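Here are my notes for someone opening this structure for the first time. Please read them with the model in view.

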Amino acid sequence: MFKHYLKIAYRNLLKNKMLSLVNLFGLTLGLASIMTLVFVVHVYYNADGFIEEEENVYYLKTFTTSGHDYNQTTYPLLEKIKNSCPDVVAGTHFFDWDLPLLSYQDIELQERRTSYVDADFFEVFTLPLKYGDDRTALKNKYDVVLTDKVSKKFFGEINPVGKKLVLNDTLSVKVAGVLEPISSYASLRLGVLLSTQLVEDYQNFKEHTGWSNSFTYNMIRLNANADVQKFENQVLDLVRQNYAEPSHIKAIKVVPYTEVRVDNIPIAGIIIKGAIATIIFVLLIVLVNLINLNTSVMYGRTRQLAVKKILGDHKKSIVFQFCLENGLLVLISLVVASFLFAWVLLPEINEIFGGNFGEIAIEIPNDYPVILYFLGLGIFITLIVGALPTLRFISLPIAIALKGKINGVRKNLFFRNVFIVVQFSLAILFICTAIILNYQISFMKNAPLGYEQENISIARIDLEYTDKESAESKFSEILDKLKSNPFVQDFSTTQIVPSAYYRSYTNFMDPESGKEIRIRYGRTDANYFKTLGIPLLSGRHFKENQSDTDIGTIIINAKAMKALGWTDLENKRLVNKGETSDGFEVVGVTKDFHYQGMQNNIEPLAHFYKGKQQLKNNNYLMLKIVKGKEQQVLKQLENDFAQIPSKRTFEYEMLSHKTNAQYDLLRGILKTVNFVAFFTILISCLGMFGLISLIAKKRVKEIGVRKVLGASITRILLLLSKEFIALVIIAGCIAIPVAWWLMNNWLQTFAYRIDIRWWMMVLGGLLALLIVGITVGIQSFKSAMVNPIKSLRVE
Amino acid sequence: MLLQLKNVSKWVQSGGQKIFLLKDINFWVNEGDFISIMGPSGSGKSTLLNVIGMLDNFNEGEYSFLEDSVHTLKEKHRANLYKQYIGFVFQSYHLIDELTVKENLEMPLLYKKFGASERKSLVGDMLDRFNIVGKKDLFPSQLSGGQQQLVGIARALIASPKLILADEPTGNLNSKQGEEIMETFTQLNKEGVTIIQVTHSEKNMKYGSRVINLLDGSVV
Ligand SMILES: Nc1ncnc2c1ncn2[C@@H]1O[C@H](COP(=O)(O)OP(=O)(O)O)[C@@H](O)[C@H]1O
Ligand SMILES: [Mg+2]
């Protein structure tokens with residue numbers, strides 16, 4: 001019997017080839033998108049799963065009276081908290097200090113992610129260890145814990161616990177553990193973990209770790225039944241008692257650690273929420289669409305069903321038959337969608353978000369629930385779209401069903417129309433979003449940045465040289481060659497370039513006025529502003545000379561000047577807050593320029609003079625090259641650098657490429673929005689296609705009679721499509737204000753933004769209308785063109 | 001006696017008025033009868049046939065089929081009754097387009113849970129009997145109207161019903177095809193199958209042993 005049903009199901013699918021294909025296409029695309037998004041959400045929510053009882057873990061967030069907030073505090077605070085608050089189970093500092101060079105035998109490595117943590121670290125973060133014991137690791141001053149990736153670089157596949165690494169060619173540290181790999185969506189980005197006991201010995205650390213310098217994150221595990229509000233008050237009391245300048249602190253909040261990822265990358269929250277909304281929404285669209293199309297199919301089968309009932313079929317088996325048919329379709333879709341998901345969409349997602357959030361991959365042992373979700377999803381869809389459309393038909397009296405007529409259709413029209421309006425509202429919403437986002441991105445891309453982007457090339461020169469001294473001398477030969485190269489107009493060695501400024505801030509004070517300013521800073525050479533073509537408003541450039549007398553001078557930007565309330569640079573100095581030294585002489589002011597993406601405001605900036613041009617402590621060599629000669633110069637440079645033994649290879653790119661990359665994430669979001677908009681419109685139109693064929697089927701006779709009586713094709717077109725056009729217009733009226741409101745809110749997060757213009761909205765609506773018009777038009781035309789004699793002969 | 005209708009009426013309510021589709025119908029059918037129902041279009045022939053076939057309800061009167069009072073039965077029992085005893089033949093054949101001739105014939109047996117070998121032999125018998133062995137793997141759309149109707153009759157017969165109800169079985173056929181169908185019915189009737197047919201044509205009427213004339217829902 002089952003075989004029989006399967007056979008009919010198969011033939012039915014073949015018979016309605018067009019419809020089956022349309023269904024299959026829409027469903028597959030929908031399922032693949034849902035799978036991808038479900039996977040992303042799943043990975044995101046499970047990425048921090050290694051933290052047991054995460055709800056008891058908190059971090060500290062500082063709010064200053066000047067309106068800033070940051071997640072760091074001063075260093076001694078945590079110790080005080082641990083000593084005086086009984087609710088604290090464990091607490092750890094977490095910060096970067098230096099990038100120590102680690103070596104094992106002849107392998108040397110400077111790991112970007114080197115963090116210092118306390119002995120409590122593994123009590124706060126219950127990270128799984130591949131090797132070692134989490135009860136003892138990092139308790140010892142000279143312990144080091146490595147991630148699996150770093151461990152492999154040093155030791156390959158062997159268990160390195162107990163092995164010694166040399167730190168900065170001086171200290172010896174012992175490997176106490178190797179971490180299991182954790183998801184790249186996890187809140188922690190780890191590489192090398194060292195003990196705070198170790199860093200506390202460093203001279204430069206001692207100097208900076210008083211009660212005035214906020215640089216460390218603090219993660220704290222509290223008792224399950226701790227009163228967080230009370231604890232927060234205790235922390236604030238400690239701040240008031242101990243901080244060098246407690247009046248600058250408005251509050252210290254104890255924030256649940258579950259919020260840390262959204263706090264660090266606010267857009268992550270938006271993306272995940274958007275993903276969940278999109279899952280629901282795509283699922284809804286897929287369901288509604290299939291139900292509508294299936295209902296259309298059922299209409300065509302009314303008679304057949306009646307005959308089957310007469311021949312002895314049961315109601316149950318009619319539902320079963322239809323579910324089976326849809327199940328088959330869903331199964332095929334699931335399989336195709338899985339491939340689409342694993343091979344196309346997931347790599348695409350990694351491409352889009354990998355840069356910001358890390359790449360993710362399917363790992364069956366961890367991610368098998370996702371496969372169960374997908375199977376469940378398939379069954380759910382099958383039952384809904386298979387059973388719902390049949391229910392109306394199986395209760396129909398046979399005598400009426402045999403005539404192939406259905407009453408009570410009007411009743412369902414309301415819901416159908418609501419569905420259509422919802423579908424198209426969402427479609428228009430997405431189209432408008434895409435249009436506005438597109439304009440915002442091109443606005444940011446094309447806005448004047450305040451420096452030259454064209455003709456500027458950037459090469460990385462922090463290549464982990466095996467012999468630093470000889471590298472330095474070879475480098476100065478390279479620089480000499482560059483100086484005499486007629487195609488090189490200017491060049492600069494620098495720690496920072498636009499789009500890659502460090503997140504380093506310091507609090508400066510004007511000793512004259514006592515005014516304080518939080519300033520972002522970086523280090524460059526004398527040629528930096530000249531190479532970039534950034535004009536000085538007053539003062540002078542740094543000067544490179546034999547004794548580097550300019551070390552200790554700074555150049556600020558106009559924003560900083562304004563914040564300090566200065567009108568000239570005469571005898572202007574800035575002093576680190578809390579220090580009594582002479583501080584730094586301010587020698588120049590630049591015009592403001594966009595050193596970071598236009599999502600962000602221009603902050604007060606300070607550029608320190610970094611000394612003469614050299615490799616040491618510089619990340620980039622920035623060159624201004626005569627147009628058209630870039631390849632020639634850079635290839636030559638590449639050859640020159642190949643002569644210097646190093647662990648990393650020489651790489652270069654255009655500055656415009658780098659600044660453009662600031663918007664990669666936005667472009668990724670735009671791409672996703674485009675895809676969803678396209679998908680929504682496509683599915684909605686497919687649905688509409690089916691619906692009109694259903695309506696036309698029901699009205700063949702009417703259409704035939706009208707034509708015989710002399711109605712023109714246009715009139716019939718209008719008759720069939722006006723209802724849908726009206727629905728789309730209603731959808732537009734709903735969607736456009738919503739889109740405006742949503743996008744306006746989102747644009748507020750951009751420091752530099754476009755104004756939403758009415759025509760962007762209207763364009764979105766018109767686009768939807770046009771696409772619908774075409775779809776509806778084609779299908780109606782087909783129906784209208786049927787020879788009336790044929791349709792009238794049906795009875 | 002196979003079935004009997006006593007004072008059966010069926011009406012629909014329209015604008016507060018009863019419109020009679022069937023009015024006070026009385027007649028009986030014996031096993032082995034071949035009855036023709038005649039009447040102008042819209043006189044209620046199909047409605048009557050549907051009532052007899054238990055596909056449609058009626059509002060008043062009594063209907064007994066073999067030992068059962070149909071009007072008192074629950075729908076499920078009624079359905080079992082017609083599935084067991086009645087075969088239907090339709091003017092527009094109503095074959096299942098997605099199934100081959102063989103599968104169309106097999107379908108009622110599947111629903112009645114016949115075993116595979118039994119199904120095979122019954123279907124084989126029917127194909128033989130109607131001379132359509134060569135067509136068994138074709139789909140309905142590949143057959144002529146007359147052939148389709150033959151399959152329709154074969155399908156109605158396959159579960160050996162006591163009664164065949166045929167609503168204008170030759171309505172869509174040319175006269176030669178129609179004649180063949182009528183010959184088939186006569187032959188079946190001789191073998192003991194009771195037949196009630198609705199027809200427009202005087203010629204077809206004559207194949208029957210008894211005629212019931214309908215006008216505006218009443219027997220005249
Ligand atoms: N469910 C119904 N509701 C209202 N009128 C009906 C219904 N079924 C049939 N009729 C009407 O009853 C009359 C008889 O129909 P029918 O039995 O099909 O006639 P025919 O003799 O042509 O087969 C027709 O006028 C038809 O319009
Ligand atoms: Mg009729």
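1. Start with the open sheet in chain B of this predicted model. Four strands build the sheet, in the order β2-β1-β4-β5, and the pairing is antiparallel. The edges are β2 (17-29) and β5 (68-69) of chain B. Each of these edge strands pairs on one side only.

2. Strand β4 of chain B, residues 60-65, pairs with β5(B) over two bridges, in the antiparallel sense. Within this pairing, B:Phe65 stands opposite B:Asp68 of β5(B).

3. A helix packs on the sheet: α1 of chain B, residues 45-52. Helix α1(B) touches β1 (3-14), β2 and β4 of chain B. The direction of α1(B) makes about 60° with that of β2(B).

4. Where does ligand 1 lie? The ligand is between chains A and B. From chain A, A:Lys403 is among the residues around ligand 1. Chain B contributes B:Val12, B:Leu21 and the run B:Pro40, B:Ser41, B:Gly42, B:Ser43, B:Gly44, B:Lys45, B:Ser46 and B:Thr47.

5. A backbone N or O atom of B:Gly44 is 3.1 Å from an oxygen atom of the ligand. For B:Lys45, a polar backbone atom lies 2.9 Å from a ligand oxygen. B:Thr47 uses its side chain: an N or O atom there is 2.5 Å from an oxygen atom of ligand 1.

6. Now move to chain A. A:Asp550 sits in the loop between β19 (536-539) and β20 (553-557). Is A:Asp550 buried or exposed? A:Asp550 counts as buried because its relative accessibility is 5%, under the 20% limit. Its side chain reaches the backbone nitrogen of A:Lys543 at 2.5 Å. Leaving aside neighbours within four places in sequence, A:Asp550 contacts A:Arg540, A:His541, A:Phe542, A:Lys543 and A:Tyr609.

Conventions: Residues are numbered from 1 along each chain as its sequence is written. Chains are lettered from A and ligands numbered from 1 in the order in which they are written. This is a predicted model: local features need pLDDT of at least 70, side-chain atom pairs count only at pLDDT 80 or more; totals for chains, interfaces and linings use all residues. Side-chain values use heavy atoms; hydrogens and water are left out. Buried means under 20% relative accessible area, exposed over 50%, partly exposed in between (1.4 Å probe, protein chains only). A polar contact is a pair of N or O atoms within 3.5 Å; within protein, one must be able to donate a hydrogen and the other to accept it, and residues adjacent in sequence count only if both atoms are side-chain atoms. Contact means heavy atoms within 4.5 Å. Two strands pair if DSSP finds at least two bridges between them. Axes are lines fitted to C-alpha atoms, for helices over the stretch in contact, and angles run from 0 to 180 degrees between N-to-C directions. A residue is near a molecule or strand if one of its heavy atoms lies within 4 Å of it.
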